[in-house]
Amino acid sequence: MKIAVIGTGYVGLVTGTCFAETGNQVICVDIDAKKVEKMKNGVIPIYEPGLEELFLRNSNEGRLKFTTSLSEGIKDAQVIFLALPTPPGADGSADLKYILKVADDLGPILENYVVVIDKSTVPVGTAEKVQAAIAKNAKVEFDVVSNPEFLREGVAVEDFMRPDRVVIGTKSDKAKAMMTKLYAPLVRQGNPVIFMDERSAEMTKYAANAFLATKITFMNEIANLCEKVGANVDDIRRGIGTDSRIGKRFLFAGIGYGGSCFPKDVQALEKTSKENNYDFKILQAVMDVNEDQKTRLIPMINDYFGGDLKGKTFAMWGLAFKPYTDDIREAPALYNIEALLAAGATIKAYDPEAMPNVQGVVGDKITYTTGPYEALKDADALLIMTEWPQFRTPEFEVMNVLLKNKVIFDGRNLYELDEIGEKGYTYYSIGRETVNSK
């Protein structure tokens, strides 16, 4: 099948590369000429485990191509994916200007029947807007389908190639047949392809992300209460996670969620609710709690250092919003950097992938190190912001020499309390008792 993918961000590039891997001819379109040139030369613009191998193989074998020309990209395409950004506007609503601009441009250049697929996360009713924008100048038949993505950064290739489910919103039998054929290689093990109307498909994506964000936030609220009553949130997580009605995932307490999806999607769904005169009370609470949770460690740090952080140096392990990605959008690390710098502290940071992106935002206000132990040298304390695996089993003997004080503020609960206590550390975490070696 001939496929065009408009937009080569995170979703677009994973979508295009994975469909090329299943034997399709894919052309990815992007207006950024420098980015397109790099991809033509085999340079992948994002970090995602497993993606580079597929990207290079399919580029070299001619199934994955790149262009800045929309007309060239869609020529003879049977399906066109719209994988364009939908950033939050000032009022929290998703900004559809990029999607609707491409829809306007598509109308006059379509030459044959095509299925246009909204892959971006978009508010309810967007498919109808895209349909109308294309129809203004279209001279051929086409269908607009909603096909939301459910990719988790860090395991996106696995998620795409072996999806839990595929959600497709369309009322067109012709489009349904095309989408069934397109996804057939990815659901051979029987994972469901769920057909519904376009509005329900659009709402499904928001409902999924808002529910997961709520689940995380609930556990963070439980963790905060645990600190007051002397309970251990890890024990509670294990106690409730074995209940099949609740499940084990998204129950880990910490310093809040970030990334490109949860913050934006919860905000957009809340905005949609207001526009339809519905007070979705839970969503506002989720946003408020998560905003506070991101800097949950700051009061602990202030308390330990007697309220004066001026001149203190902090090692920071982790900058990305989660491991296995270089994505720093809404990353808790950024909020903690801002708070610590405002208090007069100095920061030395390390992250396996995200340091260039943070430097693009923060600049040289902090120091970027070549490894985690370099960040510890002469630091007054260690802060853990991202649960990269390499941070879980550090060489404490090395840390003991480098850190000025044996104190850790852990926003991701990486260490067992008994173990860290035996090593002589003062250890603050989320929803668990403080281990005090003073």
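Me: How many bridges join strand β9 to β10, and do they run parallel or antiparallel?
Reply: In this predicted model, strand β9, which covers residues 313-317, is joined to β10 by five bridges, and the two strands run parallel.

Me: Which residue in β10 is the bridge partner of Phe314?
Reply: The partner of Phe314 in that strand is Ile347.

Me: And what holds paired strands together in general?
Reply: Strands of a sheet pair through backbone hydrogen bonds, and the pairing can be either parallel or antiparallel.

Me: Is β10 mostly covered or mostly open?
Reply: Strand β10, made of residues 346-350, is mostly covered, since four of its five residues count as buried.

Me: OK, what is the strand order in the sheet with β9 and β10?
Reply: The two belong to an open sheet of six strands with parallel pairing, and reading across the sheet gives the order β11-β10-β9-β12-β13-β14.

Me: Which strands stand at the edges there, and why?
Reply: The edges are taken by β11 (367-368) and β14 (426-428), because each of these has a single partner strand, so one side of each is left without a neighbour in the sheet.

Me: How many bridges does β14 share with β13?
Reply: Strand β13, residues 407-410, pairs with β14 over three bridges in the parallel sense, and within that pairing Val407 stands opposite Thr426 of β14.

Me: Let's zoom out, how many helices and strands are there in the protein?
Reply: The protein has 18 helices along with 14 strands.

Me: What is its radius of gyration, and what would a compact globule have?
Reply: The protein has a radius of gyration of 24 Å, while a compact globule with 438 residues would be near 22 Å, which means that the two values agree. Taken along the principal axes, the C-alpha atoms fill a box of roughly 75 × 50 × 40 Å.

Me: What share of the residues is buried?
Reply: Of the 438 residues, 53% count as buried. As for the surface, the protein exposes about 19700 Å², and carbon and sulfur atoms supply 50% of that area.

Me: What part of the contacts comes from residues 24 or more positions apart?
Reply: Among contacts with a separation of 6 or more, residues 24 or more positions apart account for 72%.

Me: What does Gly107 touch?
Reply: Leaving aside residues up to four places away in sequence, Gly107 touches Ile134, Asn137, Ala138 and Lys139. The C-alpha atoms of Gly107 and Thr126, which are 19 residues apart along the chain, are separated by 16 Å.

Me: What is the phi of Asp76, and where does that residue sit?
Reply: Asp76 has a phi near 65 degrees, which is a positive value in a residue other than glycine, and its place is in the loop between α4 (70-74) and β4 (79-82). With a relative accessibility of 41%, Asp76 counts as partly exposed.

Me: And what about the phi of Phe250?
Reply: Phe250 is not a glycine, although its phi is positive at about 65 degrees. Phe250 is found in the loop between α10 (233-241) and α11 (262-275), and at 26% relative accessibility it counts as partly exposed.

Note on methods
Residues are numbered from 1 along each chain as its sequence is written. This is a predicted model: local features need pLDDT of at least 70, side-chain atom pairs count only at pLDDT 80 or more; totals for chains, interfaces and linings use all residues. Side-chain values use heavy atoms; hydrogens and water are left out. The radius of gyration is taken over C-alpha atoms; the globule rule is 2.2 Å times the number of residues to the power 0.38. Buried means under 20% relative accessible area, exposed over 50%, partly exposed in between (1.4 Å probe, protein chains only). Contact means heavy atoms within 4.5 Å. Accessible areas come from the Shrake-Rupley method with a 1.4 Å probe; for residues, only the protein chains shown count as cover. Two strands pair if DSSP finds at least two bridges between them.
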